[in-house]
Amino acid sequence: MTRVPLKKGWCPSLHAPMQTHDGWLVRVTPDLEGLSPAQLVFLAERAATRGNGRISLTTRGNLQLRGFEEQAAKRFASDAAGQGLGLADPEREARRRLLFMSPLAGIDPACAPDTLLVARELEAALTSPQQSWQAPEKYSVAVDGGGFIPSGALRADLMLRHEDGVWCLYRGAERHASNREALVPLVLERLASSASAANAGRPLHQAPPFKGAIPRLLGAFLPGSFGAVAIMGEISASGFRAIAEAEARVRVTPWRGLVMDRPVAAPDLIAGPSDPRLALTACPGRDGCGQGLASTRQDALFLAPFLKGRRLHVSGCAKGCASRDSSDVTLVAREGGYDLICQGTTRDHPVETGLDVEDVRRRLCRA
């Protein structure tokens with residue numbers, strides 16, 4: 001297979017640190033079956049003693065720890081691998097990090113019973129030393145078994161979906177039906193093709209939107225399953241430690257939430273459906289990003305009581321990294337204050353500009 005050179009400035013390891021506005025950032029992709037209490041303790045300890053005390057959840061079910069000094073960040077890869085959080089080989093780890101699956105596989109009886117098996121087979125193939133291609137930047141592969149979380153809810157460049165009793169591979173707008181034995185070779189073939197054409201664009205951006213409803217995984221939603229959402233996708237180190245002390249095993253969802261095998265009360269977790277903070281989306285803002293022009297999370301929390309059921313996205317700049325989706329209210333920070341966008345994204349035209357957070361509060365109260 002063709003070996004594709006890495007893009008300049010991109011490191012192949014998921015654990016490779018990246019310098020940010022508030023120090024160095026490190027990343028973790030948990031095992032497909034989640035995080036053990038010991039792993040939670042490890043992450044909590046590193047976030048509290050080496051980082052800024054916060055752990056971010058991503059839309060691919062990954063974790064990010066910020067605020068590290070350079071040497072501590074560079075040591076993190078081997079330390080994490082020693083805890084079972086990834087592989088020591090950076091190229092094999094880069095291929096492993098492509099994969100995520102239905103967070104309820106093996107838990108939800110309505111999820112395809114071989115979802116975890118398919119994901120494990122694909123993981124073994126991706127991380128085989130015999131593979132020589134290098135993972136395209138930001139690429140992703142989802143194994144979607146359907147069930148309580150409907151098929152199609154997981155979004156990736158390559159999507160294996162279980163539909164009407166059979167597995168299908170979606171690549172952008174293309175659909176390929178396949179028998180069970182050919183699934184993994186088909187995915188590897190498509191991945192190698194994408195690696196050799198790295199500038200062709202991501203298939204995810206050509207995929208039809210998901211039009212179904214994703215159920216909120218909050219509280220007791222299935223026998224033996226308890227869900228919670230991290231407030232704006234972040235949990236404190238003390239929150240992780242509280243989950244570990246409850247001896248819960250945890251899966252991270254692609255919706256910045258957790259699925260646990262027992263109920264746990266912890267800081268920064270929302271388990272009830274009426275909490276107005278469920279409606280908030282915000283990037284780190286100027287407190288954690290060099291391009292951020294406002295304290296986005298602080299402002300979002302201030303505005304939460306005035307939303308009246310509306311969804312709010314607060315972005316520290318025009319890039320809109322925290323969400324590409326439309327929100328009832330979107331705020332984009334500029335040098336002169338916030339742009340206000342109604343029923344749109346950061347890319348849409350604002351109805352007002354130059355607002356401070358108190359201006360926005362007054363407009364929310366009037367509407």
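Predicted model: local features only at pLDDT ≥ 70, side-chain atom pairs only at ≥ 80, totals over all residues.
**Entry 1: α4 and α5**

I looked up how helix α4, residues 115–126, lies against helix α5, residues 183–196. Their axes come within 10 Å and cross at roughly 45°. That angle makes α4 oblique to α5. I noted the hand of the crossing as well: α4 passes α5 in a right-handed one.

Next I listed the residues that meet. From α4 they are V118, E121, L122, A125 and L126, and from α5 they are L183, V184, V187, L188 and L191. Sorted by type, the residues of this contact come out as nine nonpolar, no polar and one charged.

**Entry 2: α1**

I then checked the length of helix α1, which runs over residues 37–49. Its 13 residues reach 18 Å from the first C-alpha to the last, close to the 18 Å expected at 1.5 Å a residue.

Which residues of α1 are buried? I found Q39, L40, F42, L43, A44, R46 and A47. I also looked for what covers them. The cover includes the strands β2 (23–28), β3 (54–57), β4 (63–68) and β13 (250–252), together with the helices α2 (70–82) and α6 (237–245).

**Entry 3: S295**

Last, I went to S295, in the loop between β16 (280–282) and α7 (296–303). Is S295 buried or exposed? Its relative accessibility is 11%, so S295 counts as buried.

Leaving aside neighbours within four places in sequence, I found S295 in contact with R286, D287 and Y338. I also looked up P284, 11 residues from S295 along the chain; the C-alpha atoms of the two are separated by 7.6 Å.

Note on methods:
Residues numbered from 1 in each chain as written. Heavy atoms only, no water. Axes fitted to C-alpha atoms, helices over the stretch in contact; angles between N-to-C directions. Helix = DSSP H or I, 4+ residues; strand = E, 2+ residues; numbered from the N terminus. Parallel < 35°, antiparallel > 145°, perpendicular 65-115°, else oblique. Left-handed = near helix turned anticlockwise from the far one by under 90°. Contact = heavy atoms within 4.5 Å. Nonpolar A, V, L, I, M, F, W, Y, C, P; charged D, E, K, R; others polar. Expected span 1.5 Å × (residues − 1). Buried < 20%, exposed > 50% of the residue type's maximum accessible area, 1.4 Å probe, protein only.
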